[in-house]
Amino acid sequence: MRLSTRIALAVGVSVPLLVLASGWLLLHLVGDDLRTHQNSQLRARATVVAKNAKAFLDVAGADRPVMEQTRKRRLVNSARDVGIRLTAPGDTISAGPQPDPLPALPRNAPKPVTVTSDGTDWLVLSLRVGAAKEGSSPNLWLFSPDTAEEELALVRQRVVFGALVAAPLSGATTWAIAARAVRPLRRLQRRTSGLDPRTSTVRLEHTPTRIGEVDDLAYTLQTVLDRYDEQVQRTGEALATARAFAATASHELRTPLMSMRTNIDILADHPDLDPVDRAEVLDDLGREHTRLLGLLVMLRALAQGDLVEADAFTSLDLTEVLDASVSDLRRTHPDAEVSVRTTPGLLVHGWEEGLRSAVDNLLTNAWTHGRATDGTAHVEVTLRHSGDPRQPLAVLTVDDHGPGIPPERREEVFQRFRRGPDSPGSGLGLTLVAQQITLHRGRITVLDRPDGRPGTRFEVRLPVTGVRDVESTLPLMRRDWLTGRHALPR
């Protein structure tokens, strides 16, 4: 059923009900007013009639026939529009309209009361006039037909007639108005009915109609379609990441697994192998096992970075992240000499797990490849503010005392599986660092040590938020580090 038809039916039903309800209230108000008016008229006439009745009773039986007839005629004439009944000595005077048959009259009715005679309602008022004693029965009654009910019946008929006429008229009028009012909604429905996100890239184009509900609905539909496109894109990226993970893992894990299988075969086929050779094979197995675990951990971390969602990002204190990483390096590598200088209160909008893994890998890389000629691993870490108020940045530098990296190879170190011949790592540590820094809209560069001594400096620049409450938004939408199609930001 169309919306205009629903509105017309609703109005067509509700308007007669409102008319009937208003009529019911009107009947009560009019009935009260009519009865109040009738009672007032009867009391006013009772004042005149009671005065004439008293005058008549004063001369009745006093042997003054002329005065008695005159005052009786005056009494009857004063009761032309009401009925009267006067009990006089030796006689009862009746005049005007009266109930027939006469019902039981009230003994005490100084205010009008209603009595019924032969199905007709009458207003009756009783008084004591003349020389009647205090406490004696009334001797004057006034009667007036109760016409309020007839007038109310006429009003009731007109109310019902109005309700019957209002139903079709209000329904038809409302249908015409509603049909015109929902035209923008129908146009929006026709424009959206042909949209199928699965088969077409065409999206809703809406011109504002200045009708709030229609414009809000169109905006909601556009938002839903945009989010659908985003989810489709994210689903495609997730599928590509999963395929890349499977392909990369199968390719990169093949070499260590084959090497481990070869060593296992040697141990199985030569149970009497020389102890020195056996120890060498076992040591090789341990290294390959460690490399295999490291490779799996790094691949998992890269996949998480490519699939992380906006709700994982929050406001972080970069100083706390750095302190945790330094403490972990000192615990796992007691021989590491780490000096730290930090500036507290540097807040960034980031993914805590991702930033922590990036800092961990930077420090581990400096400990592994940045040893001095005497074999000591001294790492110098600095975290400071850039000092630029227009573009506030947190600057993290990690300096080592290793042989350094030639300028022509500084871009290569961030590529997947690029590692030196003697490197015990997986070749993914610095790739993970570059992924996380790029994901957080930062920049990482490889430099010489500023003091001119041998070694390498990794410098990371991240935007500073400056507030604790930051809306959870995904800084970077395109993430394909696991598939190898990434590029470092300039």
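**Salt bridges and the sheet around them**

Modeller: In this predicted model, Glu380, Arg449 and Asp451 are joined to one another in a network of salt bridges, and the structure as a whole contains twelve salt bridges.

The pair I would look at closely is arginine 457 with aspartate 399, a salt bridge in which the closest N and O atoms are 2.8 Å apart. Because arginine 457 belongs to strand β12 and aspartate 399 to strand β10, this pair ties together parts that lie 58 residues apart in sequence. Are the two partners buried or exposed? Arginine 457 has a relative accessible area of 17%, and since buried means under 20%, it counts as buried; aspartate 399, with a relative accessible area of 5%, is buried as well. Apart from neighbours within four places in sequence, arginine 457 is in contact with Thr397, Val398, Asp399, Thr445, Val446, Leu447, Asp448 and Pro450.

Strand β12 itself covers residues 456-463, and it takes its place in an open sheet of five strands, ordered β7-β9-β10-β12-β11, with mixed pairing. At the edges stand β7 (336-341) and β11 (443-448), each of which pairs on one side only, and from one strand to the next the twist averages 15 degrees. Within this sheet, strand β9 (residues 377-385) pairs with strand β10 (residues 393-399) in the antiparallel sense over six bridges, and valine 381 has valine 398 of β10 as its bridge partner.

Two helices pack on the sheet. Helix α7 (residues 318-332) touches β7, β9, β10 and β12, and its direction makes about 165 degrees with that of β7. Helix α9 (residues 429-439) touches β11 and β12, its direction making about 130 degrees with that of β11.

In strand β12's numbered range, 456-463, the side chains of glutamate 459 and arginine 461 meet in a salt bridge at 3.2 Å, N to O; glutamate 459 is buried, with a relative accessible area of 13%, whereas arginine 461 is partly exposed at 22%. In helix α7, arginine 331 and aspartate 328 are three residues apart, and therefore separated by about one helical turn; their salt bridge brings the closest N and O atoms to 2.3 Å. Here arginine 331 counts as exposed, with 59% relative accessibility, while aspartate 328 is partly exposed, with a relative accessible area of 24%.

The largest nonpolar core has 36 residues, of which Leu362, Leu363, Phe414, Ile444 and Phe458 touch the most other members. At least two residues of this core come from each of α7, β7, α8 (352-369), β9, β10, α9, β11 and β12, and the largest share, six residues, is supplied by α8. Leaving out residues up to four places away in sequence, leucine 362 touches Val398, Leu430, Val433, Ile444, Phe458 and Val460.

Definitions and conventions
Residues are numbered from 1 along each chain as its sequence is written. This is a predicted model: local features need pLDDT of at least 70, side-chain atom pairs count only at pLDDT 80 or more; totals for chains, interfaces and linings use all residues. Side-chain values use heavy atoms; hydrogens and water are left out. Helices (H or I, at least four residues) and strands (E, at least two) are DSSP runs, numbered from the N terminus. Contact means heavy atoms within 4.5 Å. Two strands pair if DSSP finds at least two bridges between them. Axes are lines fitted to C-alpha atoms, for helices over the stretch in contact, and angles run from 0 to 180 degrees between N-to-C directions. A nonpolar core is a set of buried Ala, Val, Leu, Ile, Met, Phe, Trp, Tyr and Cys residues joined through side-chain atoms within 4.5 Å. Buried means under 20% relative accessible area, exposed over 50%, partly exposed in between (1.4 Å probe, protein chains only). A salt bridge is a side-chain nitrogen of Lys or Arg within 4 Å of a carboxyl oxygen of Asp or Glu.
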